[in-house]
Amino acid sequence: MIEEGIGDYANPASILKALEMLLRHISMADKADKLAAAVAKATEAVTVTGNTDGATCATFGNAVLGDYMGIFAGGNFSWDDSSSGVYG
């Protein structure tokens, strides 16, 4: 992807799943559950295709962070990356 100039469109979901597994391994299941929920919600809201017709890795990450932080803030946190046109 880097050689093709589309590295920004890589899908970060697998590395986030690995982080979820690590959190469970170190007895932080509550945080792992929150991360899994945030990733699931971002997966529904943002389409990452691995190509320029989909969302960037940053857009997906912002969606995950916005939801994850919202979970900790009682759902009152919002991260609007509407400038990308694929998340809002």
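How many salt bridges does a search of the whole structure find? The search finds three, and the paragraphs below place these salt bridges within the overall architecture. The model described here is a predicted one.

The protein contains three helices and zero strands. Read from the N terminus, its elements follow the order α-α-α. Of its 88 residues, 30% count as buried. Among contacts between residues at least 6 apart in sequence, 49% join residues that are at least 24 apart.

Helix 1 covers residues 13-25. The 13 residues of helix 1 reach 18 Å from the first C-alpha to the last, close to the 18 Å expected at 1.5 Å a residue. Three residues of this helix, Leu 16, Glu 20 and Leu 23, are buried. Viewed down the axis of helix 1, these buried residues fall within an arc of 60°, so they line one face of the helix. The face turned away from that buried side carries the exposed residues Ser 14, Ile 15, Met 21 and His 25. Leu 22, also in helix 1, is partly exposed, with a relative accessible area of 45%. Together with Leu 19 and Ile 26, Leu 22 makes a nonpolar surface patch of about 250 Å².

Glu 20 belongs to the buried set of helix 1 and takes part in salt bridges with Lys 17 and with Arg 24. The relative accessible area of Glu 20 is 9%, which places this residue under the 20% limit for buried residues. In the salt bridge between Glu 20 and Lys 17, the closest N and O atoms are 3.2 Å apart. Both residues lie in helix 1, three residues apart, about one turn of the helix. Lys 17 counts as partly exposed, at 43% relative accessibility. The salt bridge between the side chains of Glu 20 and Arg 24 has an N to O distance of 3.0 Å. This pair likewise lies in helix 1, with a separation of four residues, about one turn of the helix. Arg 24 is partly exposed, at 36% relative accessibility.

Arg 24 also meets Asp 33 in a salt bridge between their side chains, at 2.8 Å from N to O. Asp 33 counts as partly exposed, with a relative accessibility of 44%. Through shared partners, the salt bridges join Lys 17, Glu 20, Arg 24 and Asp 33 into one network. Apart from its neighbours within four places in sequence, Glu 20 is in contact with Ala 32, Leu 35 and Ala 36. Ala 32 and Leu 35 are among the buried residues of helix 2.

The loop between helix 1 and helix 2 includes Ser 27. Just after helix 1, Ser 27 takes a positive phi of about 65°, in a residue other than glycine. Most residues other than glycine have a negative phi. At 66% relative accessibility, Ser 27 counts as exposed.

Seen down the helix axis, the buried residues of helix 2 fall within an arc of 125°, so they line one face of the helix. Ala 38, a residue of helix 2, has a relative accessible area of 0% and is buried. Leaving aside neighbours within four places in sequence, the contacts of Ala 38 are with Val 64, Asp 67 and Tyr 68. The C-alpha atoms of Ala 38 and Met 69 are separated by 9.0 Å, and these two residues are 31 residues apart along the chain.

Terms used
Residues are numbered from 1 along each chain as its sequence is written. This is a predicted model: local features need pLDDT of at least 70, side-chain atom pairs count only at pLDDT 80 or more; totals for chains, interfaces and linings use all residues. Side-chain values use heavy atoms; hydrogens and water are left out. Buried means under 20% relative accessible area, exposed over 50%, partly exposed in between (1.4 Å probe, protein chains only). Helices (H or I, at least four residues) and strands (E, at least two) are DSSP runs, numbered from the N terminus. The arc is that of the directions from the helix axis to the C-beta atoms. Patches are made of residues with over 30% relative accessible area and no salt bridge: like charges are joined within 9 Å, nonpolar side chains (Val, Leu, Ile, Met, Phe, Trp, Tyr) within 5 Å. Accessible areas come from the Shrake-Rupley method with a 1.4 Å probe; for residues, only the protein chains shown count as cover. A salt bridge is a side-chain nitrogen of Lys or Arg within 4 Å of a carboxyl oxygen of Asp or Glu. Contact means heavy atoms within 4.5 Å. The expected span of a helix is 1.5 Å times one less than its number of residues.
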